[in-house]
Amino acid sequence: MAIKKILYGTAYYYEYLPYDRLDQDIEMMLEAGINVVRIGESTWSTYEPQDGVFDFSTLDKVLNAMHKAGIDVIVGTPTYAIPSWLAKKYPEVMVQVNGHRKAYGARQIFDISSPVFLNYAERIIRKMIAHVANHSAVIGYQVDNETKYYGTSSQNVQQGFVQFVKQSFHGDLEAFNKEFGLDYWSNRINSWEDFPSMDGTINGSLKAEFDRYRRGLVTEYLKWQVDLVNQYRHSDQFVTHNFDFEWRGYSYGVQPDVDHFSASKPLDYAGVDIYHPARKHLTGAEISFGGDLMRSLKQKNYLVLETQAQAFKQQVPYPGQLRQLAFSHIASGAVMVEYWHWHSIHNSAETYWKGILSHDFRPNPIYDEVSKTGQQLKQLSSHLVNLTSSSEVAFLVSNQSLSAVQQFPFSDKRSYNDVFRSLYDEFYKLNIRTDISDEYHINLSHYKLIVVPALYSISDQFLESLNDYVKRGGHVIYTFKSGFTDEHVKVRTVPQPGIISQSCGLHYELFVDPDGCQLVPQNESIAADSDLSLKDWMELLIPDTAQVLAKYDDPNWQDYAAITKNNFGKGSVIYIGCYPSQDVLHQLIKNYTAELNLMTTSQQFPIIVKSGINQFNETITFYFNYSSQNQVAKLLSSGTELISKHHVDGEVELAPWGVAIVEENKKANEIE
């Protein structure tokens, strides 16, 4: 199904209401310009109150009322929160972590590979989707909810892992022992029947492989649900899932427990939940990187199935921010923006994760801003739906490297995603658009620059392809801890960084803790008055052919390089062998991307600029002010500002947390 309008909506939980106010809610939704709701994904126990007893009356009531009002509905399979009777009758469905079974109560506490769970999940999915598939209100389905493997290590997971390893090594136990170094501490496995539980393993390579296997369980589980839904859905209904990210109080980085690239394959649209800081902490970076990743998964527009309205007290937005953020999602490639959730809940765990409406159900400043935004989106939908964009820069992220760095950390304070975000945020602030891919899906030839954070675990073949990419004219930014181990986290037996030493033009033998050491710039790439401090990690680089951009100030390490640049073939590589400040990263990235002609504007954060091509083949450019001060944005080209319908040329004024949307070469009277 092709989505032909901007979907603007909210999750709606009729079952959670303290009293029936469905008609009042719909009236308020219509006034707010809401045209879609998501329902059903968290109320299995309502629809199947006892084993084999089904009641879809509340589902029917909401579907009928929404259809009458002209509001579209996305129905979620309700499998991420199991009913109490299932947990009591079959306690083996509960997640086991390190041999301990979790107690019933929270969501996402079941084993997604449990045959008993899958049997009951299949039954409720079939019953529910068969019941709603013919309803005219239903435009799509969300399978499960923010699925992960939840740390499960139950017996069936352990047995499945043994079969996974056995298949991967074609039954060759000797090759497996050698590859994973299992002679260490007598961890050698001499019989497949003796394969121990992974709960106690001290082998980081094996633990990372177990994580890879469990990510595969998520991929299989979501595909299984999609296959079930596909048996009932109509051709004009889509299937999606709401992926999420590593959580640090908000969506922070690459999700360690899900391979988004594989798991998204059976979906019609990739969906996402994006939560972010608010007020003075809001930068928009989370909206941008989440969008870049989701857009890259299927090379098409994506759905924001959850984002915050009020949320917790620290996330209540300033006036103007909600409106700005809705347009920010669309500028990044979203065709739907859906708030979690409509009304604040009066009981249980998420009582104070507040929705659009507070507990009194009355209009409030959040609702008023949602309404203002909804009316503007309704007016501009045809100009903003299904925007397309292209990037000359791609981030190469790696679930395997993320897992491996968790096993072999470079810091007790920072991790893989900190390295990723430290680079990504600088590209974002420089208004350089990026895609995000992984080693299995990236098409290197599509990009002028590949940015590679901490590619710690990777195959020889892929590193050789990166060398070839540079030789043929591509450009790469590597960080420390890249190229160190193979795809099974086995350290290479050559000088580091191994295979990529050829294109980087360097090698190293030692890495150390900075212990107060600072950078010493060697040319104008890094200003002498910069923040030259270092965190966590230093590789003592020995240039072979590389130009030295920075050294270390410790007199004992002053002969070593810290950051280098090397020309190789027709391309070039910057290698960052330490963890520098954001100030230094900003300068390196700004200078390098300017040299490569990748900068389309001189404007930088807090002015964020994003462009796309709409269905009329016109260029749409968004200008955002991510600050509490008035800003003036220089226009990439003249045109019609779609919200005000005024012709603009040269520059546009942006109020605090403001947005301007310019369509090139359009006149105001052409905007209805």
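Okay, let's start with a salt bridge: the side chains of Asp460 and Arg492 come together, with N and O 2.8 Å apart. Asp460 sits in helix α15, residues 460-471, and Arg492 in the loop between β16 and α16 (501-504), so this pair ties together parts that are 32 residues apart in sequence. How covered are the two partners? Asp460 has a relative accessibility of 33%, so we call it partly exposed. Arg492 is at 11%, so that one counts as buried. Before I go on, please keep in mind that this is a predicted model.

There are more of these pairs. The structure holds 28 salt bridges, and some share partners: Glu48, Asp51, Lys89 and Arg123 are joined into one network that way.

Which residue does Asp536 pair with? Its salt bridge is with Arg414, and the closest N and O atoms are 2.5 Å apart. Here Asp536 belongs to strand β19, residues 534-543, while Arg414 is in the loop between α13 (399-407) and α14 (416-429), so the parts tied together are 122 residues apart in sequence. Asp536 is buried, at 19% relative accessible area, and Arg414 is partly exposed, at 25%.

Then there's Arg38 with Glu41, a salt bridge at 3.0 Å from N to O. Buried or exposed, what would you say for Arg38? Arg38 is buried, with a relative accessible area of 0%. Glu41 is buried as well, at 1% relative accessibility.

Okay, on to helices. Two packed helices are described by the angle between their axes and the distance between the axes. Take α1, residues 22-31, and α3, residues 57-69: the angle is about 35° and the axes are 11 Å apart. On the α1 side, the contact is made by Leu22, Ile26, Met29 and Leu30; on the α3 side, by Lys61, Val62, Ala65, Met66 and Ala69. That crossing is right-handed.

Now for α5, residues 115-132, which packs against α8 at an angle of about 35°, with the axes 10 Å apart. α5 passes α8 in a right-handed crossing. Among the α5 residues that meet α8 are Phe117, Leu118, Ile125 and Ile129, and the α8 side includes Tyr221, Trp224 and Leu228.

Thr479 is in strand β16, residues 475-479, and it is buried, with a relative accessible area of 3%. What does Thr479 touch, leaving aside its neighbours within four places in sequence? Its contacts are Val419, Leu423, Val452, Pro453, Ala454, Tyr575 and Ile576.

Finally, the surface. Tyr184, Trp185 and Ile202 make a nonpolar patch of about 390 Å². Ile202 is in the loop between α7 (173-179) and α8 (204-230), and it is partly exposed, at 47% relative accessible area.

Another loop residue to look at is Asp559, between β20 (547-552) and β21 (561-568). Asp559 is exposed, with a relative accessible area of 68%.

Definitions and conventions: Residues numbered from 1 in each chain as written. Predicted model: local features only at pLDDT ≥ 70, side-chain atom pairs only at ≥ 80, totals over all residues. Heavy atoms only, no water. Patch = residues over 30% accessible without salt bridge, like charges linked within 9 Å, V, L, I, M, F, W, Y side chains within 5 Å. Areas by Shrake-Rupley, 256 points an atom, 1.4 Å probe, with all protein chains shown as cover. Salt bridge = Lys/Arg side-chain N within 4 Å of Asp/Glu carboxyl O. Helix = DSSP H or I, 4+ residues; strand = E, 2+ residues; numbered from the N terminus. Buried < 20%, exposed > 50% of the residue type's maximum accessible area, 1.4 Å probe, protein only. Axes fitted to C-alpha atoms, helices over the stretch in contact; angles between N-to-C directions. Left-handed = near helix turned anticlockwise from the far one by under 90°. Contact = heavy atoms within 4.5 Å.
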